[in-house]
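Please look through the structure shown here.

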Amino acid sequence: MKSESPDTIQPENTTGKLPTHLPVLTLRDVVVYPYTIFPVLVGRESSLRATYAAMERDKYIFLVAQKNPSVDEPVENDLYREGTLAKITQTLKLPNGLIKIVVDGIAQGVIHSFLPNPNFLEVNINLVPENDQIVDEIHALARRATTLFGEYVPISRNIPPEAFAALENIKDPRRKLYYIAANIVQNVETKQKILQFNTLREQYYELVKILSSEIDLLKMEKDIDVKVHESIQKSQRKFLIQEQIRVLQDELEEDDAASPELIKLKKQIDEANMPKEVQDKALEELAKLRKTPPASPEFSVNRNYIDWLLAMPWNLRTDDNLDIKHVQSILDEDHYGLEKPKDRILEHIAVLNLVKEIKGQILCFVGPPGVGKTSLGKSIARALGRKFVRISLGGVRDEAEIRGHRRTYIGALPGKIVQSMKKATVINPVILMDEVDKMSMDFRGDPSSALLEVLDPEQNVSFNDHYLEVDYDLSHVMFITTANVRYNIPLPLQDRMEIIELPGYLEYDKKEIAKRHILPKQLSEHGLTAEGVKFSDKAINKIIREYTREAGVRNLEREIASICRKVAKDIVVTKEQSTNKPVNVNEALVEKYLGVPKFRERKSDKVRRIGSVIGLAWTSVGGDILSVDATIMTGTEKLTLTGQLGDVMKESAAAALSYIRSNAKDLGIAENFYEKKEVHIHLPEGSIPKDGPSAGITMAMAILSAASNKPARNDVAMTGEITLRGNVLPIGGLNEKLIAAQRNGITTILIPKENEKDLTEIQEKIKKGLKIISIEKIADAIPYVFGKKNPKVQKINHK
């Protein structure tokens with residue numbers, strides 16, 4: 001059922017009593033008012049039946065609007081209660097089965113009840129009486145509504161000007177109200193509000209409110225249209241003028257007569273002292289820029305590209321401070337220990353004193369978190385007097401982050417290398433590439449392969465970024481990379497770098513670092529002084545041993561900062577009672593501020609236990625001791641491994657068991673010890689994944705202890721990979737493992753024979769207090785693990 005615009009024909013005069021028992025014609029998207037004639041297109045079956053029923057009776061029908069026009073067969077709850085009693089004055093059957101009727105609105109009504117009728121909706125209505133007195137207020141409201149309607153018609157796009165002329169011929173205030181309401185372009189919900197009021201006064205106030213709101217909105221829309229039109233005209237005028245200027249410039253062949261902005265760019269290019277091929281590229285792009293309209297997207301792309309070329313350092317450099325004593329003092333001031341990296345830097349400075357330029361010096365600091373890799377890079381830059389830039393490579397998986405995006409992409413930018421050079425503003429900064437071992441690769445490319453060009457001294461003299469599209473010389477840059485784990489660095493990258501290991505700190509080192517660097521820094525940051533807060537050596541040792549478990553000093557600094565905050569709080573809270581006495585932080589105060597110790601000192605068991613042997617492990621945060629427990633029990637013949645072991649460690653356990661079984665007689669244990677027995681090997685702290693081959697000797701000794709029923713020594717720790725022939729193979733991370741042994745009170749260490757050569761590179765203070773014994777065969781370890789007489793071991797013939 002569709003509706004058309006209301007007509008201005010006056011309704012016929014009705015006499016007699018109006019019916020209140022009526023069929024209902026539901027209307028979509030339209031509200032019909034009394035005293036208006038309206039054409040309606042009827043198409044729904046229920047509406048057709050209601051129309052035919054009205055025609056058969058006295059042609060009266062009740063018109064009511066739907067709340068939701070998308071409902072095809074509305075029921076009681078889908079309709080408004082207020083509507084209009086109307087009379088069908090004309091009908092016209094159409095070829096498509098529809099009926100076009102003309103209805104004459106007569107009176108306002110409200111549905112009282114719905115009558116049961118399966119064919120169409122039928123209701124009883126209450127007619128709204130028209131007994132309002134036409135007082136001065138009504139006349140004033142009618143005049144105001146007429147004035148507003150006169151403003152509304154000219155600015156509305158949907159109402160013809162004749163609509164206002166017809167209104168002037170209507171004198172009755174009630175008919176004038178319904179005429180204006182019928183001609184307002186509004187939604188059904190708003191127009192329905194007129195019928196929801198029963199008095200003429202209330203209806204006029206609602207009409208004036210609707211008209212005022214609609215006029216404000218239409219004026220706002222008109223203002224927006226005017227502004228948009230003016231803006232478009234201005235842009236078009238500006239474009240035409242610019243095109244005219246460009247044509248004139250082409251005719252006069254005066255390229256320099258460009259805009260002041262382009263003249264300034266030309267001057268900057270001439271003064272940038274770029275290499276010739278780069279300058280040619282910049283001038284080529286500037287020529288394109290002159291011919292490109294500023295409104296074009298290409299203009300901003302070309303302009304950004306020229307800005308990047310101008311922002312890059314091409315010849316500016318800082319002078320190196322090559323005073324070797326000055327560099328030594330800076331490095332010693334910033335870092336305690338780290339003798340090997342410091343010596344390497346001093347060697348580099350010494351060579352620079354002789355040759356003035358050295359290439360191929362790319363250092364890689366490898367060590368656990370918190371040992372000072374990044375801060376050492378900063379110190380090197382400070383000692384040399386160079387600019388320092390840090391690039392974080394952790395999580396980088398897109399080659400474009402290194403080489404940049406091509407300019408064909410929207411929002412393209414140069415890669416991290418070029419961005420770092422722009423940030424440095426000189427051609428010889430120190431660039432630190434952090435976390436080079438944490439890059440990954442996916443379908444977007446391999447960033448580690450892109451780094452090969454950056455870090456290769458033979459290639460980085462002409463590094464080509466995808467965005468810049470010109471060669472850039474990186475040979476003057478001092479590149480330093482950092483990593484936690486060496487074997488996670490791709491081998492081609494390792495081949496281009498000189499790797500310097502930074503081991504974890506000993507307890508003594510940590511205490512000295514805390515006293516020399518961490519405490520002064522934290523006291524200053526928390527508004528405290530060294531005279532007002534004093535940390536005893538025992539307090540620092542307690543923090544190191546019982547509140548941190550790390551190779552570096554990051555957590556140590558965190559715990560000291562926590563104590564400083566609590567001391568500052570106590571000072572502020574008790575300020576009125578202060579006696580200006582210094583706060584002495586001792587062991588008791590440490591435990592009060594930091595709470596229960598987080599770690600127990602992992603000393604070896606005081607009691608020697610059967611099947612329990614101590615091994616040494618390497619982790620990404622330094623070395624640690626590893627307790628290996630083995631037990632043999634009645635059950636099916638199998639090897640059970642628990643403790644979240646990796647594949648390599650599982651294979652080491654299987655190899656250890658096979659060796660023990662094949663040499664049971666020589667080892668002094670029953671040859672059938674494995675029959676109908678289950679061997680269970682467990683490594684505590686099962687939530688932590690463990691892997692690696694170096695626990696082979698430890699698991700072999702644990703199985704042997706359980707099989708021979710002899711306890712192992714509790715002050716001996718060992719490390720080494722084993723073979724089925726009983727050989728002990730070399731391992732890595734010896735330095736960290738010895739530190740872990742010393743930290744945990746182990747006195748005797750068994751290491752593979754082939755690792756003896758590594759002891760020369762380990763500092764004496766790490767080896768101090770340790771009895772380091774090298775072994776070549778598994779049998780060599782037995783006297784040290786069980787003692788000279790436990791168990792009885794014959795000479796083993798290793799085939």
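Asp29 has a relative accessible area of 58%, so this residue is exposed. The model is a predicted one. Asp29 belongs to the loop that runs between strand E2 (21-27) and strand E3 (37-42). Its backbone stands out: phi is positive, about 60 degrees, although Asp29 is not a glycine. Most residues other than glycine have a negative phi.

Lys676 is another case of this kind. Here phi is positive at about 55 degrees, and again the residue is not a glycine. Lys676 sits in the loop between helix H21 (647-662) and strand E20 (677-682). Its relative accessibility is 64%, and exposed means over 50%, so Lys676 counts as exposed.

The next topic is helix packing. Two packed helices are described by the angle between their axes and the distance between the axes. For helix H10 (residues 324-334) and helix H12 (residues 373-384), the axes come within 9 Å and cross at roughly 150 degrees. Angles over 145 degrees count as roughly antiparallel, and H10 and H12 are therefore roughly antiparallel to each other. The crossing of H10 and H12 is right-handed.

The remaining topic is charge pairing. How many salt bridges does the count come to? With side-chain nitrogens of Lys or Arg within 4 Å of a carboxyl oxygen of Asp or Glu as the rule, the count comes to 34 salt bridges. One of them joins Arg49 and Glu45, whose closest N and O atoms are 4.0 Å apart. Arg49, at 33% relative accessibility, counts as partly exposed, while Glu45, at 51%, counts as exposed.

Where do the side chains of Arg407 and Glu469, which meet in a salt bridge, lie? The N to O distance of this pair is 3.2 Å. Arg407 is in the loop between helix H13 (400-403) and helix H14 (416-424), and Glu469 is in the loop between strand E11 (463-464) and strand E12 (471-472). The two residues are 62 residues apart, and the pair links distant parts of the chain. Arg407 has 17% relative accessibility, under the 20% limit, and so counts as buried. Glu469, at 38%, counts as partly exposed.

Lys598 and Glu559 form a further salt bridge, with their closest N and O atoms 2.6 Å apart. This pair also links distant parts of the chain, its residues being 39 residues apart. Lys598 lies in the loop between helix H20 (587-594) and strand E17 (612-619), whereas Glu559 lies in helix H19 (residues 554-573). Glu559 has a relative accessible area of 10% and is therefore buried.

Some salt bridges share partners. In this way Lys281, Glu284, Glu285, Lys288, Arg407 and Glu469 are joined into one network. The pair of Arg407 and Glu469 described above, with its 3.2 Å N to O distance, has both of its residues in that network.

Methods. Residues numbered from 1 in each chain as written. Predicted model: local features only at pLDDT ≥ 70, side-chain atom pairs only at ≥ 80, totals over all residues. Heavy atoms only, no water. Axes fitted to C-alpha atoms, helices over the stretch in contact; angles between N-to-C directions. Helix = DSSP H or I, 4+ residues; strand = E, 2+ residues; numbered from the N terminus. Parallel < 35°, antiparallel > 145°, perpendicular 65-115°, else oblique. Left-handed = near helix turned anticlockwise from the far one by under 90°. Buried < 20%, exposed > 50% of the residue type's maximum accessible area, 1.4 Å probe, protein only.
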